[in-house]
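Welcome! Here is a short briefing to read with the structure open beside you. Take your time and find each residue as you go.

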Amino acid sequence: MDATPSAAIEILAHEIERFPQNTGSEHDDRLKAYQAEVEQSLADPNAYWLNQANRIEWMRPPTQSLTYEWNTEKRIISHTCYADGILNATTSCLDRHANGERSEKTAIIWQGEESADVRRYTYTELRDEVCRCANVLKRLGAKKGDRIAIYLPLIPEAIIAMLACARIGAIHTVVFGGFSAESLRDRINNAEARILITANAGRRNGKVIPLKTWADEALRDAPTIAHVVVVRSTSDAVPMTSPRDHWYSDLTSNESTICEPEPMNAEDPLFILYTSGSTGKPKGVLHTTGGYLVQAALSHERVFGMREDDVYWCTADVGWITGHTYVVYGPLANGSTVLLYEGGPTYPNPGRTWDICDTHRVTVFYTAPTLIRLLMSHGDEWPSTFNLSTLRMLGCVGEPINPEAWRWYFDIIGKKRCPIMDTWWQTETGSILISPLAGIHDLKPGSALRPFFGIEAAILKPDGSVCGTKEGGALCLTRPWPGITRTLWGDHEKFIDTYFTANPNVYTAGDGCYRDEDGDLWILGRLDDVVNVAGHRIGTAEVESALVNHDTVAEAAIVPIRDPIKGQALAAFVTLMDGVTATPDLKQQLLLHVRTSIGPIAVPASLTFAPALPKTRSGKIMRRILRAIAEGNTNDLGDVSTLADPGVVDTLLRLKEPRNS
Ligand code: PRX
């Protein structure tokens, strides 16, 4: 790795602001109880986690707690949690509510992009629909352990499909509807999925998202798929291929609403979710059933201090881990009312998000800093048009939040009443591992504050020693937790290499971090070649390989650049094959090529044709230099003496293209 990502351990000197969360004796009592729980969770993790298992339903309750081995030298990394417990995740998320006091409670409020498009499901209705869908999957031949791919817009059927898989013991792999046909195909093939559940189309910002068309393209080369179930989500017509394709409504209309939940061992897989790393194609992060669900429910309840009458809106799409844990499994296990919104956050105007909070009387709102910055850029008038008085708790996740955006969120949206939970976690961690707790910690804009119960963090220098106060280093977790990913699908060696080799016998998260003088944690961004664009993880290697796959491209380098709304954006430098001429048209073709290879989120914000890339004498591309050029920091090129040909830099400085509009 060259020096580029070290920006992520630079600590910017700034005044730390504090927002105290209550004082007085009540607070003292809460703080004492909290500290006692933290101590207990660390002193006796077995007892702590076994006790937490009681928050979900079991067919056979576990007697075993969290066991693990982290031995990098012997290359043994393994975990089990509740290994003798039997359960089905859906009974905790559905049946216990539907059969109890929450039977008529609203489980899902779905808001379509058109204001009038609203659908509600009570817990009983949701359980019935999940059972219908589960019976359909069985009828199509799905069995325990089969993989089922889900490629849907943010509609209730996305949640129904996930839970229907869990009901029958199939492993769902949800693919974000913004990913291209090629990305969908790669994921289906890697997981060897048998069934695909998709929709004719989705809708966003007034535009049609042609999911079925993309799915058809993906399926031209996805031989394991035997059936495609298509939800009719819009009125758009699509071709159906017989006998492969079936309309969801045709299949479910006569299905029974009774489907016995498949008994699953706590360590049986629940889902695979693909995420980007620093090399190669996205990897399938595997989560198992018991530990994941317990931790999802625990963290959702404690971080957001959930109350029975909350209307909870997490804006994530179910295609990402935040959607899995904090739209589906955590809140439904806790019997919450979950709001789901299919459309664009600023469509048809920049007040839309706040309009939805007002209309549905949202109490807890959880989103990404990129959305806060986007909404902030439209001014204070939009939120002030709406009644946001029901909000009581705010959250953010996915990337570092800049103090300015934090303050706007706190002042203008939360009216200084609502605490902000800046939650740090990852696809691999399964649930929130670092976060303030409301009413306990003083809040600090930009700090994710403290490890959650049972979590222990260390910040390490490159030589493995522990960083001092206000010294940036690699964020590591020194003991496991129930919801840690068990492996990367089909590639356990890669799992060990990625998370357990940089620092032996601890989990290295890939993020820079420092601890301030109060002991609070500040996340500084990725240390590896993963870029966080609008809260979405993108591997630079993935985009480079998409570009190099184009016939005209000889070599490509992708570097992250700062972006005022998205946090980071991508800048591409491309050298062309001999004889190919760099033209504006070719540039557009290459950008389109990235869009169709991966999806719109991976399209570089700038693309510069370069006769050569700056390389060391050993042939390594010096991305640090490219990044400085892309960001216009030409006084900050650093040491260029190790370049094989320093003249390359002058040429690049002349050629650097502005950002695409
Ligand atoms: O870099 C960190 C950033 O998001 C990465 C994980 O991305 P993903 O697996 O897609 O999951 C995103 C949602 C959980 C992390 O390695 N990240 C996540 N939360 C924060 C964050 N960076 C700073 N502050 C956060 N609160």
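The model is predicted. Around the ligand there are 17 residues, and those that come nearest are Asp422, Thr423, Thr427, Asp511 and Arg537. Helix α1 runs through residues 25-43.

- A polar atom in the side chain of Arg537 lies 2.8 Å from an oxygen atom of the ligand.
- Gly398 takes part through its backbone: one of its N or O atoms is 3.1 Å from a nitrogen atom of the ligand.
- Asn532 has a side-chain N or O atom 3.5 Å from an oxygen atom of the ligand.

**The shell around the ligand**
- On its own the ligand has 540 Å² of accessible area, and the protein covers 96% of this.
- Two or more residues of the shell come from each of α10 (321-333), β20 (420-423) and β25 (521-526).
- Sorted by class, the shell holds six nonpolar, six polar and five charged residues.

- His27, Tyr34, Glu37, Val38 and Ser41 are buried in α1.
- An α-helix has 3.6 residues a turn, so residues three or four places apart point the same way.
- Ser25, Lys32, Glu39 and Ala43 are exposed on the other side of α1.

How values were computed:
Residues numbered from 1 in each chain as written. Predicted model: local features only at pLDDT ≥ 70, side-chain atom pairs only at ≥ 80, totals over all residues. Heavy atoms only, no water. Near = heavy atom within 4 Å. Polar contact = N/O pair within 3.5 Å; in protein donor to acceptor, adjacent residues only side chain to side chain. Areas by Shrake-Rupley, 256 points an atom, 1.4 Å probe, with all protein chains shown as cover. Helix = DSSP H or I, 4+ residues; strand = E, 2+ residues; numbered from the N terminus. Nonpolar A, V, L, I, M, F, W, Y, C, P; charged D, E, K, R; others polar. Expected span 1.5 Å × (residues − 1). Buried < 20%, exposed > 50% of the residue type's maximum accessible area, 1.4 Å probe, protein only.
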